[in-house]
Amino acid sequence: MTADRAALLDSFRRTFGRPAQLVAEAPGRVNLIGEHTDYNEGHVLPLAIDRTVAVAAARREGGVRACALDCGEEDAFPPDGVTPAPGGGWRNYVRGVAWALGEAGYRLRGLDLAFSGDVPAGAGLASSAALEVALAAAFAAVAELSLGRRELALLAQRAENGFVGVQCGIMDQLAAVFGQKGHALLIDCRSLEVEPLPLALERSRAAIVIVDSAVRRSLGDSAYNERRRECVEAAAALGVTAIRDVTTEALEARRADLPETLYRRARHVVTEEARVAAAVAALHHGDLDALGRLLYQSHESLRDDFEVSCPETDLLVELATGVDGVLGARLTGAGFGGCTVNLVREEALEAFQRQVVDAYRERTGLPARMHPVSAAGGLRVSGV
Ligand code: GLA
């Protein structure tokens with residue numbers, strides 16, 4: 001595990017005065033391509049990363065006691081009739097998962113849990129999905145519920161949608177559950193089928209690099225929900241269940257009937273779907289140049305049509321285009337700040353640090369950071 005298991009177990013014992021029974025650990029993700037397509041029932045191509053959130057838990061009589069070790073805060077609530085925590089924050093992820101399990105008809109048991117992680121929060125790397133998936137698995141294991149892996153992902157999403165109030169799609173939770181070492185995951189967000197695709201980047205001497213712009217989503221969640229609403233409106237205006245079902249020709253034919261904003265939102269989704277298919281073909285042929293070009297195109301579409309970029313992530317992508325050996329770059333995740341994902345030849349990594357990360361820091365005064373990542377495995381639950 002990437003989070004320190006011994007330290008986690010030790011902290012659990014110090015917090016609750018007894019040993020943990022099990023550890024559930026789930027990764028963050030970076031999305032290679034297929035942005036804002038998941039809630040349009042389209043395709044996405046994320047990979048789970050080697051950064052995780054780990055939850056240690058043990059059954060107890062009575063309610064739930066939770067401790068967020070990284071900030072030293074605690075919470076306690078009864079497992080039935082869960083209500084939102086005043087002040088929100090991490091507590092609502094824990095309560096939300098308990099609520100979602102209850103809503104789905106499962107009987108929870110009391111438990112103690114403590115968690116810790118190294119997925120940067122608010123950076124577009126799905127730290128909340130990692131936490132919710134690990135929590136769902138821990139709650140289920142302690143209560144001896146036998147839940148399928150897809151069901152765990154759906155419960156984690158339900159917590160986010162119905163309790164936390166972010167109308168996210170299913171990409172992050174499925175990536176956290178099904179991540180596979182060395183593989184990206186092609187996910188069909190309508191059928192929820194997950195197909196692992198080998199990345200074989202070492203063979204091509206290339207790396208996936210995340211750069212954190214250090215801009216945190218502020219209005220992000222409300223703007224995210226607004227994009228989702230716009231997509232629902234566009235689909236209704238186009239007479240389809242989801243934008244996934246619209247072809248470029250059909251969209252162009254109906255252009256005059258759609259308000260300009262809805263047309264551009266739909267155009268992003270339609271063209272992004274085509275880019276995911278092209279990216280899968282490029283991976284299949286080991287054509288990283290083609291894959292890189294698709295990343296750049298995706299960024300332009302997110303910036304101009306979907307309007308979820310910001311000057312800082314635009315700057316990171318622009319700086320990346322000027323470096324020899326950078327094959328592609330784009331913002332990753334919901335947008336409104338957060339991270340870019342970059343496809344970089346190994347020999348260009350030093351130049352990348354100087355010409356992108358250092359240059360960005362100088363221009364903006366923001367403490368950008370670069371994280372090379374590798375594709376990692378998904379959810380793991382182990383006894384202690
Ligand atoms: C967030 C959401 C996902 C997805 C992305 C955008 O990460 O949680 O469901 O919609 O944004 O692709």
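## Basis

Residues are numbered from 1 along each chain as its sequence is written, and side-chain values use heavy atoms, with hydrogens and water left out. In this predicted model, local features need pLDDT of at least 70 and side-chain atom pairs count only at pLDDT 80 or more, while totals for chains, interfaces and linings use all residues.

## Ligand shell

Arg29, Glu35, His36, Asp38, Tyr39, Cys168, Gly169, Met171, Asp172, Tyr224, Gly333 and Ala334 surround the ligand (a residue is near if one of its heavy atoms lies within 4 Å). The shell has 5 nonpolar, 3 polar and 4 charged residues. Here Ala, Val, Leu, Ile, Met, Phe, Trp, Tyr, Cys and Pro count as nonpolar, Asp, Glu, Lys and Arg as charged, and the others, Gly among them, as polar.

## Polar contacts and burial

Polar contacts here are pairs of N or O atoms within 3.5 Å. A side-chain N or O atom of Asp38 is 2.5 Å from a ligand oxygen atom. For the side chain of Glu35, the distance to a ligand oxygen atom is 2.6 Å. Gly169 uses a backbone N or O atom, 2.9 Å from an oxygen atom of the ligand. The protein buries 93% of the 310 Å² that the ligand exposes when taken alone (Shrake-Rupley method, 1.4 Å probe).

## Aromatic pairs

The whole structure holds 4 aromatic pairs (ring centres within 6.5 Å). One of them is Phe12 with Phe16, 4.9 Å centre to centre. Their planes are 55° apart, a tilted pair (under 30 degrees is stacked, over 60 edge-to-face, the rest tilted). Both residues lie in helix H1 (residues 5–16), 4 residues apart, about one turn of the helix. Helices are DSSP runs (H or I) of at least four residues, numbered from the N terminus.

How values were computed:
Polar contact = N/O pair within 3.5 Å; in protein donor to acceptor, adjacent residues only side chain to side chain. Phe/Tyr/Trp six-rings, centres within 6.5 Å; stacked < 30°, edge-to-face > 60°. Helix = DSSP H or I, 4+ residues; strand = E, 2+ residues; numbered from the N terminus.
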